[in-house]
Amino acid sequence: MKKIQAAIVGTGFIGPAHLEALRRLPNMEVVALCEVNIDLAREKAAILGIPNAYTFEEMLQNPEIDVVHICTPNFLHYSQSKAALLAGKHVVCEKPLATKIEEAEELVALAEEKGLVNAVHFNLRYYPMVRQMKTMRETGELGDIYSIMGSYLQDWLFLQTDYNWRLEPDKSGDSRAIADIGSHLLDLTEYVTGLKITEVMADFSTVHKTRLKPLKPIETYSGKMLSPSDYAEVPINTEDHATVLLRFDNGNKGSVTVSQVNAGRKNRLNIEIAGSKSNFEWCSEKPNEMWIGKRESANQHLMKDPALFSTEAARLISFPGGHNEGFPDTSKQMFKEVYAAVREGKQPSAPTFPTFKDGLRELLICERIIESHKKQAWVKI
Ligand code: SOE
């Protein structure tokens, strides 16, 4: 069987995570790496053991490359995804799909016109327990949904000296915490509950009004400290923290809190979904278990075990109960589905993986959240 050949563009935090996940799939190979310049591409390709380093433009001209993974800063996602589609390549793009709604709309239309496989890396959908919650909701074990409470908390931007491209609106877009991690939480909320968010009321805060920008490169989560002369003080106008009230299409309500300055919360998405039959709670820092709350019987504590899971959720499990699976496994499970479509050569009519349309949906919600914050008013989606 001919091996599918992939290229990865960008090797900050998430590019190597895509690489590791892809190397766990059969009958495919990551053959190319692109970076901001060819020297860095060569350096990173050597470190990561990828056979070829190209500029982005050279890579697009290589007919052997079937799939492009866009793992660059947000402001490049639109132009690079568009160029890859126009070059006839299937595309897996990191979230957010773009920084403007009209750009995402153009990508959805172009991907549809080309018939090429298109996916957005909402990988948190692929925690087996997330899929189990979704299937339990679908089979009625949750009942009617009364309310949803979600949070996504990190502390990698806690210090004034913590710095990253995500703090720069020209690279990240007008939102930071909401676009970067709120997008995961909001996607997962609609995905698990099957509800649609209809209105938002948002309030942002920027805890560090200025930050100390390192005058030499530093990567996401690296946490490296430099000397005072290595920093420049720069103004910050994107949100460290956001609270958003939500209204859903079943008439009920919810709220999410997103923060990247919560000391001790490393990468913690927590969701509690209150239903008429049960209450589900799940935390991404303990992904192999969920709490099921009951009023008229004992609460339950479900552990990841394929023998106890729905067929759909068990499909995302590679190891028996007690053999924990986590963040890296989510991308492997997602890419299994994406590459099955690549093997077929076209986007499925009913994709099981998150597509550019899901990326557009998230961008729409995030843009309305930004609008609501600016107006300090409810905004319809
Ligand atoms: C930084 O907040 C980050 O790397 C996000 O960009 C990822 O989407 C998330 O999965 C982990 O944290």
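How far apart do the end C-alpha atoms of residues 5–120 lie, and how much of the span is helix and strand? The ends are 19 Å apart, and the span is 42% helix and 22% strand (DSSP runs numbered from the N terminus: helices are H or I of at least four residues, strands E of at least two). This is a predicted model, where local features need pLDDT of at least 70, side-chain atom pairs count only at pLDDT 80 or more, and totals for chains, interfaces and linings use all residues. Residues are numbered from 1 along each chain as its sequence is written, and side-chain values use heavy atoms, leaving out hydrogens and water.

**Annotation**
- An unreviewed UniProt entry labels residues 5–120 "domain: Gfo/Idh/MocA-like oxidoreductase N-terminal"; such annotations may be inferred rather than shown by experiment.

**Ligand site**
- The ligand is surrounded by 13 residues (a heavy atom within 4 Å), and the closest are K95, Q154, R166, D180 and H184.
- Helix α8 (residues 177–193) gives the largest share of that shell, three residues.
- In the side chain of D180, an N or O atom sits 2.6 Å from a ligand oxygen.
- Polar side-chain atoms of K95 and H184 each lie 2.9 Å from an oxygen atom of the ligand.
- Of the 310 Å² of accessible area the ligand has on its own, the protein covers 97% (Shrake-Rupley method, 1.4 Å probe).

**Sheet**
- Nine strands form an open sheet with mixed pairing, in the order β16-β15-β14-β13-β7-β12-β11-β8-β17 (pairing takes at least two DSSP bridges).
- At its edges, β16 (300–303) and β17 (379–380) each pair on one side only.
- Strands β11 (residues 241–248) and β12 (residues 253–259) run antiparallel, joined by seven bridges.
- A242 has V258 in β12 as its bridge partner.

Conventions: Polar contact = N/O pair within 3.5 Å; in protein donor to acceptor, adjacent residues only side chain to side chain.
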